[in-house]
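Hi everyone, thanks for coming. Let me put the structure up on the screen, and then we can walk through it together.

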Amino acid sequence: MKEKIRIVEGDITKQEVDAIVNAANTSLLGGGGVDGAIHRAAGPELLEETRQMGGCPTGEARVSKGYNLPAKWVIHTVGPVWAGGHKNEDNLLANCYRNSLTAAVARGAKTVAFPSISTGAYGFPLERATEIAMRETKRFLENNESLEKIVFVCFGERVLKTYQEVFERIF
Ligand code: ADP
């Protein structure tokens, strides 16, 4: 199962995978960080589609087309805003990974790329978030044979180092 995981430093909008995951907000109307980058790279049709969705609750996922992206699908998931750790943040973040992977499989995606959900503007501690990302992904792969590759796209060296360390511990 370990061989299905890739950890790369880079820009998620450039990933040649079936589906990329967006760390969106509940409005699904675009925003900063990775969300802004995905909307810019996909083009304005993405916003036209997500506007029709009527938002998305924290921890859930919605799927749109990828438009000008190399990826066929964008899975929009909404991570929790970090509020100190006692507002169910861990479970909500785990739900993001589980629901995104479930949505990817439902569309027939075999390769999926994730950003580090909630660890930018939403302030979730990076190492704790990375452990949740890896644990949920591992659990999902143990129960689902159809996914061939999961790429964790790390924006910057600090994220990359953390992902590499946590990967060795969990997988
Ligand atoms: P959130 O609001 O869920 O915290 P952010 O977009 O602020 O989302 O940050 C989530 C992570 O995405 C951070 O590690 C940030 O550095 C990273 N990020 C920003 N732009 C990109 C990109 N183009 N590709 C991949 N990751 C990105």
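Buried means under 20% relative accessible area, exposed means over 50%, and partly exposed is in between, with a 1.4 Å probe and protein chains only. You can find Ser-100 in helix 3. Helices here are DSSP runs of H or I with at least four residues, strands are runs of E with at least two, and both are numbered from the N terminus. And if you count along the chain, Ser-100 and Gln-52 are 48 residues apart, with 19 Å between their C-alpha atoms.

A quick word on what you're looking at. This is a predicted model, where local features need pLDDT of at least 70 and side-chain atom pairs count only at pLDDT 80 or more, while totals for chains, interfaces and linings use all residues. Residues are numbered from 1 along each chain as its sequence is written, and side-chain values use heavy atoms, with hydrogens and water left out.

Okay, now the ligand. How many residues surround the ligand? There are 14, and the closest are Asp-11, Val-34, Ser-118, Gly-120 and Ala-121. A residue counts as near if one of its heavy atoms lies within 4 Å of the molecule. Sorting that shell by type gives seven nonpolar residues, six polar and one charged. For that sorting, Ala, Val, Leu, Ile, Met, Phe, Trp, Tyr, Cys and Pro are nonpolar, Asp, Glu, Lys and Arg are charged, and the others, Gly among them, are polar. Which element gives the largest share of the shell? That's helix 1, residues 33-42, with three residues.

Now zoom in on the ligand's oxygen atoms. A polar backbone atom of Val-34 is 2.8 Å from one of the ligand's oxygen atoms. Ala-121 has a backbone N or O atom 2.8 Å from a ligand oxygen, and for Tyr-122 the corresponding distance is 3.0 Å. On its own, the ligand has 560 Å² of accessible area, and the protein covers 88% of that. Those areas come from the Shrake-Rupley method with a 1.4 Å probe, and for residues only the protein chains shown count as cover.

Ser-118 sits in the loop between strand 5 (111-114) and helix 4 (126-143). Its relative accessibility is 5%, so Ser-118 counts as buried. Its phi is near 75°, which is positive in a residue other than glycine. Here's the background: most residues other than glycine have a negative phi. Asn-88 also has a positive phi, near 70°. Asn-88 is in the loop between strand 4 and helix 3 (89-106), and it counts as partly exposed because its relative accessibility is 41%.

The other one is Asp-11. Which side chain makes a polar contact with the side chain of Asp-11? It's Thr-13, at 2.9 Å. A polar contact is a pair of N or O atoms within 3.5 Å; within protein, one must be able to donate a hydrogen and the other to accept it, and residues adjacent in sequence count only if both atoms are side-chain atoms. Thr-13 lies in the loop between strand 1 (5-9) and strand 2 (19-24), and it counts as buried because its relative accessibility is 7%.

Over in helix 4 we have Glu-136. Its side chain makes a polar contact with the side chain of Arg-98, at 3.0 Å. Glu-136 is buried, because its relative accessible area is 4%.

Lys-65 is in strand 3 and is partly exposed, because its relative accessible area is 44%. Gly-66 is in the loop between strand 3 (61-65) and strand 4 (73-78). Why does Gly-66 count as buried? Because its relative accessibility is 0%. Gly-66 and Ala-19 are 47 residues apart in sequence, yet their C-alpha atoms are 7.9 Å apart in space.

That's my tour, so please point at anything you'd like to go over again.
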